[in-house]
Amino acid sequence: MKNIYKPLFYCLIGSFVLSSCTKFKDSINTDPNSPTKASGTQLIANAEQFLPGLSSSPYGVHYPQYLSNTSFPDNSRYVTTNFNFYGLYEGPLMNLQNVIDNTALDASEGPITNQIAVAKILKAYFMWHATDRWGPLPYSEAWKGSGNFTPKYDTQQAIYNSLFTLLDEANASITAGDIKNDIVYPGTGNVAKWKKLGNTIHMLMALRLSKVDPAKGTSEFNKALANGIMNANTDNLAYPHLAVTAQENYWYNSFTVLSRNWFAVSKPVVDFMLPLNDPRLPIFANKNTAGNYVGLDYGLSTTVTPGNYSLLGNAIRQQNSPVYLVTYAQALFGLAEAAKIGWIAGSDATAKTNYDLGIEQSVRQWNNNDISALAAYKLNASVVYNPATALQQIGNQRWVHLFMHGYEGWAEWRRTGFPTFLAPAPNNNGKQIPRREGYPTQEININSANYNAAVAAFPYGGSDNLDARVWWDKP
Amino acid sequence: MNRKSLLILLGILTCYAVSYAQTTIKGKVTDENSIGIPGVSVLVKGGTVGASTSGDGTYSIAIPASSTTLIFTSVGFTSQEVAIGAQSIINVQLVSDAKNLTEVVVTALGIKRSEKSIGYATQNIGGDNLTLTKENNVIGSLAGKVAGAQVTGSSGASLGGTQKIKLRSVNSIGGGGAPLMVIDGTPVIDYNFGGTENGVDYGNTSQDINPDDVESINVLKGPAASALYGIRGQYGVLLITTKKGSRGGKKVDITVSSAYTIDKVGNFLPLQNIYGVGNSQVFSKLTNGQNFVNGNDESWGPKMDGTLIRKINSFYPQDPEFGLLSTFDPQPNNIKDYFETGQNINNGISVAGGSENSDYRLSYTNAYTKGTYPNTWLKRNNFSLSSSLDITNKFKVGVNANYANNSGQRPTQGYQGSFTGAVQWFQRNLDVNTLRNYRYADGTILNWNVNPNAAGVITSNKPSDWNNPFFDAYEVLNNDDRNHLFGDINASYQLLPELKISGFVRSDILIQNVTHKEPLGGRNLDNYNVLKAQGTDNNYEFLAQYNKNIQDFSININAGANLYTNKYTQTFQSTVGGLSSPNTYTIAASVDRPTSTSYLRQKQIRSVYAMGSFGFKDTYFLDASIRNDISSALPKDNNSYWYPSVSGSFVFSNLVKWKHLSFGKLRASYAIAGSDLSPFQIVNTYGFGSPYPATSGTISSMVVPDGLKNPGIEPSFANSFEAGIDLRFLNNRLGAAFTYYNQENKNQVINLSVSGASGYDSYVVNAGLIANRGIELTLTGTPVKSKLFSWDITVNYAKNKNQIKELYQDLKVYQLDLNTYSSQTIFLNSTLNQSFGNLVGPGYKRDPATGEKLLGADNLPISVNNVDFGSVVPNYTGGILNNFRIWKFDLAAALSFQSGGKFFSWSQMLAAKSGQSEITAALNDKGINVREPIANGGGVKVSGISSVTGLPVEAYVDARTYYRTNLGTKFYDEWVYDASYIKLRELSLGYSFDASLLAKTPFKAIKLSAVVRNPVMIWQKAPKGVDPSELSSGSSSISWIEKGELQTVRSYGLTLNLKF
């Protein structure tokens, strides 16, 4: 009998040993599907792809009433209260934070300080956009992964101060040498453009403080200006869409791919531009089927026949139509306003120069440098710079210039009150034009203590809805 | 050990065994009806030599010359001793012992044991009860037949869509946890290609098991029962035993079964037939003054009162009705008319037989289903072979092989699916038959969701949201095919009468191909995509089994080892930017750079295990097991873990002398089961972003993924205790099995949803403690038993209470899932100290004092976020199975029920939002249609507390504002329903032809049955139109949302079984 048990015993032992070994080949649990090492500029390139989304939004475009809905009018009637910022935090901002924190960046993709500086400028830009929409947001404790899953909300004032510092750091650290894989500023000399972009953002952010903290605003404004801002439309931050599906313009997708004639230029825009023969109107709007420019009343609750109104202009919704974000003309209107309110020297004379140049650069930007109708336009009495109504004229021109960049146009309307002829959607239970956007409902569940603290500390009271005001929007 | 030495070993063993045998005795053991009894133990009295009978009751035993007596023992029969004398053939008839009539149960590792020795709950379902009405999916056929099993699945219209099963409620914080399927010992991964509630449900691979091949399914419910399957058996095991050939004689059994059923759609959501398309009750007019209908998709328009209008087809110059006016009329059947009568043809043949030392069974089944959705079908072929051969008395080999091939063309469920959106957004005035010829002779597509301009010209014939449903059916095609091979080869050697060693190589290989074709002219860009997935799972097993009886003690010890390897690869390609040559479905036709991804996943688990069973006097039994798993998916330094189980039973009926008690057993068990995680969850990586194809060269991009991984992950464990009692009375005419269980699953590996402000949306963590307590009760009875009439009834009932006891650190809510429509979000959460899976979403703001709805200045309700609507987990589930035999007729009826569990119905919500639902055109309390102007007595009556004055208000509000912009948008209280139901699932009436009639025919038996599958929902708490038992959430582990179920299907047909 024994000779049976012996091999059996070895066999048993053998299989136990075979299966009890706790070592596996390393390759078996190494994910072959994803890289473990990052490329700083490729992370930046991905973050850049989120830029057009800051403008191309079916929500932001309604608040300053650039577009009206021919059907499905909920968005123009402020039905949605809560908006999700997770996409921005997990997407571009996390990519950029990874670059900023990365200790293993590859200098062959461009000077490492420049990779980090570009990441900081973009981070500041995305974050500026976010805080202007929601107000207080996680910032100092954000993007820490497992280090903090319930980050606290910083006040908007703290965020602005942090972003000013971030932009200062970027400005100071930029050295010669371009970075690779740059979508928005391709070609040689891109780092110089990034530097000007950072300072322009800095300057425009400073101007946001005009109602709430003019002193801080003035000093930041002048610092940014001194560091060197944009000085040509070629410096513009505009997202260059391509004529391919994966990189196409949002509005092309909406109108052409999805065949949705849902967006007409709103009545306030057409009624403001048409009497002045604004050369930009044919770019902004199509004629209706009867051959006229007819704006659609803003915020109606019912569906209309799209053919009766001016749909969004073809030039703006080609597959590769660029999306303008931070532009030279906007900087000029900022300078005009700063001169008028005494933040920079030169008062009305400087204000007029920048105002006139702003209009010209805006027309050049929108009309592909065609300024044939500009001279006549500038002769309109209401367009000619008038010291008595300068702020309104600057505000209105800025509003026109920022066409389609709804969130930015809306922020400037909240800050300046211009244009004054925007009325909330009619017959809408007394709802006013929103002053901020509500937080994502997820936060109420999974970051509740910080969420509650943030809402309780709103600078001018109110609850987490569309009516509370952000810090710089001082009533 | 290499192969050579194994062969030598086997050779030595064989020689040894042969030389040891001296005399061989053969024979057959039968019952009172002369039917062979399998598994009877044949022992030499006072010796160590033994054998057991094969499937037909025959045996063969080699005995030492000194032997004098053989002992025949079998569960359920009185033991018998026979003197050998000079006989070489000994046939024995055993007498059944009512006291001990207990079933033989197949337990873990395929070990057959008598029911009385098992210390935990199992439930056995015979094959006949699985094929009552030819349900295609084995899991689907278990609905209502197992206490504690919750079966949810998609409508029959899905043609083999997902059927999911959960045992003992939700035992995972993340909602996952399906039992392991084991077919003749081979674990078969239930790959699920079900997608989500939106899309095509290609089903799970349990549908590749041919129900006709199934002898029985034994359901091992808790971890104790499944401890020997390791981590894969943590949520229970479905042990499927297939039919086998029988040994002895030269007879060959040939069985032919055929079924033909027709499928009819039912359960339509009640819609209004008064108002037609539009968003105001005023007709749109063309410039020529004609009223017309545009491509709007809501029915808040004018009354369908026969007014002359231009219908949508009158705007197509190619249409015979071009330019003509027609009447604006309701189309009550405009959804029903889309469907066709489905057909199902199922033919199977099996050949089974054996010789003295071998058995075999071969089967082939072919099934064809023509769907109820136009142009959908499913074809299926199943082959199976099982055979075993005794090379010598001691050395046995066997093979089980199953091959399944499926190919289908399936409908799409959910929003914008195969006309599943018809109740959501459509026109009550549109006759779907006018859309049937969807393409004019010149190729132009007839669309309904396009808009003519005021001049009556359709300038863009691209639909905004909805294709012509027939265009979808005939040109937007979803095709899949799958080849699936699973089975094992095995060898065993009886080293000693009490010791057997076995080796198994088990494989489960699956290749799935899926294609999607999107033609030019629809609402989407034309597109072609193709997915190929391949999964290979292998198990290499070694098992040693030792059985010994020493006087009153029985000892049974099993020890084994298992190496499991899993490899899954997938490639996916899709065209981007359209097809360069229309209707040329190849990736090469991609206009832009096509999407192309490849994916590889692999994993290994090494296990050893041992189990011992000890019995005393056939009355007291104790089991213990221990298992060690080493998983490659865990961190290197912490990848090995052990877990034990212990269980015991006490057959007190052996001691209690009460004549009415036929059988009584108490049982209890405690078990720990371990669990690992998917591969690649412990190292953070980067992902690939969209490339930017600039003219100067493509710019690649990279992303930080949204999911954060965790290098510190540990194995997690489930602790489970259960106790129960099995009772049978009155000669087994009445039986009850009761189980109480308490299970805690701790420290599970989950993807924790975290605040996106952290830079990630989820984190892989060990977290949580989910507790389930419940009872299971199965009552069986034979209220009537006579020659002409008998009635068997089985009632299953299970009640479960579920609680989340811990989450992660101080986290109070774990977000499992969410859904957003119209910017309103509803969440599926696990909330601390609550039942698993509460639905939280926008709903009524209520007056804190009275609980009444708060109304705004406009008398419309005010909405708030994050109203808790309750848990998706049912309170109790169960079923009733009745089998009647009346003369030669058999009548079987299977019923299932569920109480509680919430679900969210998108269809009901949107039917109201779009003005199609009956309620949107109901009469108010004044008897006036709610759509009439308020000034004329119309409007919807609302009541509540005014948020302005704080006083109660009763008022009338505009119906469209109420339903379209309010209730249908942001008051989910109205659309979250209780899923309670009672459903008659299966009904069959069979007639067995008299054997005497068949004497002169080649047939041994003929049975003809009329069957009905899913005949009627007897009662449901939720309103008609959405079937809570068919919530079509695809492969997602919890079915809580419905975005457009495929239409309910009821099947009626005949089945014919012939035996030769």
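Visitor: In which sense do E46(B) and strand E51 of chain B pair, and over how many bridges?

Guide: This is a predicted model. In it, E46(B) and E51(B), residues 940-946, pair in the parallel sense over two bridges. Strands count as paired when there are at least two bridges between them. One of the partners can be named: Leu855(B) has Ser946(B) in E51(B) as its bridge partner.

Visitor: What is the order of the open sheet of three strands in chain B?

Guide: The order is E46-E51-E52, and the pairing is mixed.

Visitor: Why is one side of E46 and of E52 in chain B left without a neighbour in the sheet?

Guide: Strand E46 (854-855) and strand E52 (952-957) each have a single partner strand, so they stand at the edges of the sheet.

Visitor: What makes strand E12 of chain B largely enclosed by the rest of the structure?

Guide: A residue is buried if 20 or more other C-beta atoms lie within 10 Å of its own. In E12(B), residues 163-167, five of the five residues are buried, so the strand is largely enclosed.

Visitor: Which residues point which way from E12(B)?

Guide: Gln163(B), Ile165(B) and Leu167(B) point one way, while Lys164(B) and Lys166(B) point the other way. Both groups are buried.

Visitor: In which sense does strand E11 of chain B pair with E12(B)?

Guide: E11(B), residues 149-153, and E12(B) pair in the antiparallel sense over five bridges. Gln150(B), for one, has Lys166(B) in E12(B) as its bridge partner.

Visitor: Why are H6(A) and H7(A) called roughly antiparallel?

Guide: Helix H6 (residues 156-173) and helix H7 (residues 190-207) of chain A pack at an angle of about 155 degrees, with their axes 10 Å apart. Angles over 145 degrees count as roughly antiparallel. H6(A) and H7(A) are therefore roughly antiparallel to each other. Their crossing is left-handed.

Visitor: Which residues of H6(A) and H7(A) meet?

Guide: From H6(A) come Tyr160(A), Leu163(A), Phe164(A), Leu167(A), Ala170(A) and Asn171(A). They meet Lys195(A), Gly198(A), Asn199(A), Ile201(A), His202(A) and Met205(A) in H7(A). By class, this contact has seven nonpolar residues, four polar and one charged.

Visitor: How many residues of chain B are in contact with chain A?

Guide: 78 residues of chain B are in contact with 73 residues of chain A. Strand E30 (residues 590-616) of chain B gives the most to the side of chain B that touches chain A, with eight residues. That side of chain B has 37 nonpolar, 35 polar and six charged residues.

Notes
Residues are numbered from 1 along each chain as its sequence is written. Chains are lettered from A and ligands numbered from 1 in the order in which they are written. This is a predicted model: local features need pLDDT of at least 70, side-chain atom pairs count only at pLDDT 80 or more; totals for chains, interfaces and linings use all residues. Axes are lines fitted to C-alpha atoms, for helices over the stretch in contact, and angles run from 0 to 180 degrees between N-to-C directions. Helices (H or I, at least four residues) and strands (E, at least two) are DSSP runs, numbered from the N terminus. Angles under 35 degrees count as roughly parallel, over 145 as roughly antiparallel, 65 to 115 as roughly perpendicular and the rest as oblique. A crossing is left-handed if the near helix is turned anticlockwise from the far one by less than a right angle, and right-handed if clockwise. Two residues are in contact if their C-beta atoms, placed from the backbone, lie within 7 Å. Ala, Val, Leu, Ile, Met, Phe, Trp, Tyr, Cys and Pro count as nonpolar, Asp, Glu, Lys and Arg as charged, and the others, Gly among them, as polar. A residue is buried if 20 or more other C-beta atoms lie within 10 Å of its own, exposed if 12 or fewer, and partly exposed in between; C-beta atoms are placed from the backbone.
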